[in-house]
Amino acid sequence: MLSNFNVLVKLLAILRPIFRFLSDYYGAGRRIFWRGDNMLGCNCFVWSRVTDLIQPGSDYFSLPDPIPHWPQGSGFATSRIGLGELEVCQITRFEFIWGCNLSTDGKRGVSFYKPISIPDGFFCLGHYCQSNKNPLRGFVLVAREIATQNSSCYNLPPLSKPVDYSLLWSSNEGDDDESFDGCGYFWLPQSPEGYKSLGFVVTNKSEKPDLDEVKCVRSDLTDTCEAYGLLMDIHSKFSKMPLTIRNTRPLHRGMYGRGVSVGTFFCGYSFSSGEELSIACLKNLDSDLHAMPNIDQIHALVTHYGPTVFFHPDEVYLPSSVSWFFENGALLYSNSSSSIGQAIDSQGSNLPNGGTNDGTYWIDLPCDNNRRQNLKKGNLESAKLYIHVKPALGGTFTDIVMWVFCPFNGPGTVKVGLMNISLSKVGEHVGDWEHFTLRVSNFSGELWSVYFSQHSGGEWVEAFDLEFIEGNKSVIYSSKCGHASYSRPGSYIQGSSKLGIGVRNDAALSSFCVHSSRKFEIVAAEYLGVKEPCWLQYMRKWGPSIVYDSRTELDKIIDVLPPVVKNSMRNILNKLPLELYGEEGPTGPKEKNNWIGDERW
């Protein structure tokens, strides 16, 4: 019996490349379905537009080092978080259900999972989806009812079974009367009146899921969610529109947002930004946000996860502490005395506090050239990271925002195709505030992702894509002159990377670095009432406004080009970022929209 099985395996191994060839030859994208090394699943030996089904390996991601035991206190890292009438738990272990691939290696596709190892008394709210190119690393929340003082105000319980399921899509492309095990079926729970569904259910059988598979949540305990980040479009010959799979996130985010991400996905035949979805997210009605870390836990988190910030080996304009900047000659100017600057004490106690950036005050460098040049270079020895701690995703995560201050932002370099044009003045400004953000799960204290701020935008990088240098401490690469943050060394274009046109940002490893795990100061945590330094209340400009004559500078370069390319080059320059033509005096951290709001993603 065993020998016959071995013969069958060898035969399938021989036939597999033949079927691959036939699939690619005849297919117009058509393939035969596979699951692992077995030709199973939807309509075996039937040509189909839906792609290969391959179960990925359970390649779970884990941080380089184990998560330590955090200092005791509050509800941080206790595995469960109360949201009012509901208590939720974060599940990160899954059972594979179905997958869809666009390549033979399985990397261009997605897989769908159901949570496993759910604690007793908790209920699933929906299934999970992620890209196959990444290690398995995500979460869904499961929930249970808890008694509260307000429970009696409602006649309906917090959780309820769906009344039915509606089939949204199926990969079964055979005859309408046929059903095949191994196909993917996407079901939307139909919630009872007064409740909302929080996720979809995926099965590999045509029968409807059991009504106990998921729970719906009472509407007042939910918040609006939105779809973002395309995971995949799945095409079917019976539908003109592809099934679109996207991630979900709360619409109301930021420090005061109460939307809680459930971790489920959204799918539908059409999608437009801003439309109301058929599913919702949870809402945290616990005003105390008891799962947020206390001050001892914050220190432990920063010490354990604090990245090392590397500046470019050719960087001239390094960071410094704010007090060093004040002590070494920074001056305060105002409209009433624009020609005479006032010295600023080391704590910034004589800076105007509060108000808004009304243009009446600004900080500038001293007039003396030697002192001016010295201040521009910064002082790496005094540099530190200024930390703002705030709730994220309804208090189920903590954002540790790390601000770095550089006295001066250097001139830019324009990249146009293979040409690199160094600018002499354009891009310069006094007082450069940049930041990156660590997002930590309040269920476990695990580092989940890092946000890299890059001028007017930025990106979240998941923990599995970070470069770690020491234990669970990641690396931040600060770009030359502009100090934008990147997760890897390289040359990045602010503009059109596709055309190779824009401002060049170079990031590289060097001996110029700041260890944020050791050199930091917690300057704000509103939920803890942390006393904030005087300079943080300064809402005006940290540098004067500048208007660049960048067109003249660039025209001088164009004039030396051959006549046949001059006009083309001028058209290209019109696509360069607007920052090349002027810089408003930069404002401090509290004036940035991400101080209260979420990061731009």
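Glu226, Arg249, Arg253, Asp399, Arg439 and Asp598 are joined in a network of salt bridges, a salt bridge being a side-chain nitrogen of Lys or Arg within 4 Å of a carboxyl oxygen of Asp or Glu. The model is predicted, so that local features need pLDDT of at least 70 and side-chain atom pairs count only at pLDDT 80 or more, while totals for chains, interfaces and linings use all residues. Residues are numbered from 1 along each chain as its sequence is written, and side-chain values use heavy atoms, with hydrogens and water left out.

Asp399 lies in strand β25 (residues 397-409) and Arg439 in strand β28 (residues 429-441), so the pair ties together parts that are 40 residues apart in sequence; strands here are DSSP runs (E, at least two residues), numbered from the N terminus. Both Asp399 and Arg439 are buried, where buried means under 20% relative accessible area, exposed over 50% and partly exposed in between, with a 1.4 Å probe and protein chains only.

| Pair | N to O separation |
|---|---|
| Arg218 and Glu85 | 2.7 Å |
| Glu213 and Lys114 | 3.5 Å |

Arg218 forms its salt bridge with Glu85; because Arg218 lies in strand β13 (residues 216-218) and Glu85 in the loop between β1 (80-82) and β2 (86-91), the pair ties together parts that are 133 residues apart in sequence. Arg218 and Glu85 are both buried. Glu213, in the loop between β12 (201-203) and β13, is paired with Lys114 in strand β4, so this contact ties together parts that are 99 residues apart in sequence. Glu213 counts as partly exposed at 22% relative accessibility, and Lys114 counts as partly exposed at 25%.

The strand that holds Lys114, β4, belongs to an open sheet of three strands in the order β3-β4-β6, with antiparallel pairing; two strands pair if DSSP finds at least two bridges between them. The edge strands are β3 (94-101) and β6 (128-131), each pairing on one side only. Seven bridges join β3 to β4 (residues 109-115) in the antiparallel sense, and Asn101 stands opposite Gly109 in β4. On the other pairing, four bridges join β4 to β6, with Cys129 in β6 as the bridge partner of Phe112. From β6, Tyr128 and Gln130 point one way and Cys129 and Ser131 the other way, and all are buried.
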